[in-house]
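Thanks for sending this one over. Here are my notes as numbered points, with the cut-offs spelled out where a term first comes up.

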Amino acid sequence: MKSIVLKPWGSYQVLEESSKYSIKRIVVKPGGILSLQSHLHRSEHWIVVQGIAEVTINEKIQVLNVNQNIFIPQNSKHRLSNKDNEDLIVIEIWFGEILEEEDIVRYEDIYDRK
C-alpha cells in the first residue's frame, strides 16, 4: 500500500495497482466535494463502506448508503459529495488502458484546482 495522499476534500490511499486496474480507499470529510470531472481513459466503480454518498453522474444525482455501489462510465461527468456529518469512505476501482491521476478533465471545483 502507498501512503495517504491529502486533498482539500479529504484523502485517498492506493490499496492495489496493476496495469489494468487500481483500487483506492477514499475518505471524504463532512462537507467535502470532489470536482465535477471526467476521464478519457478509464471507468470507475464506487462502493460505499461508511457514510452516505451523494453521487452525480452527468445530470443525475443519487444518494448511496453503506454497501451500495455505482458504475461511472468512461467520459461521463461525475462528482462525489459528503453532505453528512461523519466521514464518507468509498472504495474506488479504476479500469482502463491508462490509469494516471492526470487523466482528469475538471469542469467545476470549489477548491479552484485546474
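1. A word on accessibility to begin with: buried means under 20% relative accessible area, exposed means over 50%, and partly exposed is what lies in between, using a 1.4 Å probe and protein chains only. Y21 has 26% relative accessibility, so Y21 counts as partly exposed. F95, with a relative accessible area of 38%, is partly exposed.

2. Please keep in mind that this is a predicted model, where local features need pLDDT of at least 70, side-chain atom pairs count only at pLDDT 80 or more, and totals for chains, interfaces and linings use all residues. Residues are numbered from 1 along each chain as its sequence is written, and side-chain values use heavy atoms, with hydrogens and water left out.

3. The structure has one aromatic pair (rings of Phe, Tyr and Trp, the last by its six-membered ring, pair if their centres lie within 6.5 Å; planes under 30 degrees apart are stacked, over 60 edge-to-face, and the rest tilted). Its members are Y21 and F95, tilted at 45 degrees between the planes and 6.5 Å centre to centre. The pair links distant parts of the chain, 74 residues apart: Y21 belongs to strand β3 (residues 21-28) and F95 to strand β10 (residues 88-96). Strands here are DSSP runs of E with at least two residues, helices are runs of H or I with at least four, and both are numbered from the N terminus.

4. Which strands make up the open sheet, and in what order? There are six, in the order β1-β2-β3-β10-β5-β8, with antiparallel pairing (two strands pair if DSSP finds at least two bridges between them). β1 (5-7) and β8 (69-72) are at the edges with a single partner strand each, so one side of each has no neighbour in the sheet.

5. Strand β5 (residues 42-50) pairs with β8 in the antiparallel sense over four bridges. H45 has F71, in β8, as its bridge partner.

6. Two charges sit over rings, by the rule that NZ of Lys or CZ of Arg is within 6 Å of the ring centre and within 35 degrees of the ring normal. K24 lies over the face of Y12, 4.0 Å from the ring centre. The charged end of R42 is over the ring of W94, 3.5 Å from its centre.

7. Finally, I98 is in the loop between β10 and β11 (105-108). I98 is partly exposed at 36% relative accessible area. Leaving aside residues up to four places away in sequence, I98 touches H41, R42 and D103 (contact means heavy atoms within 4.5 Å).
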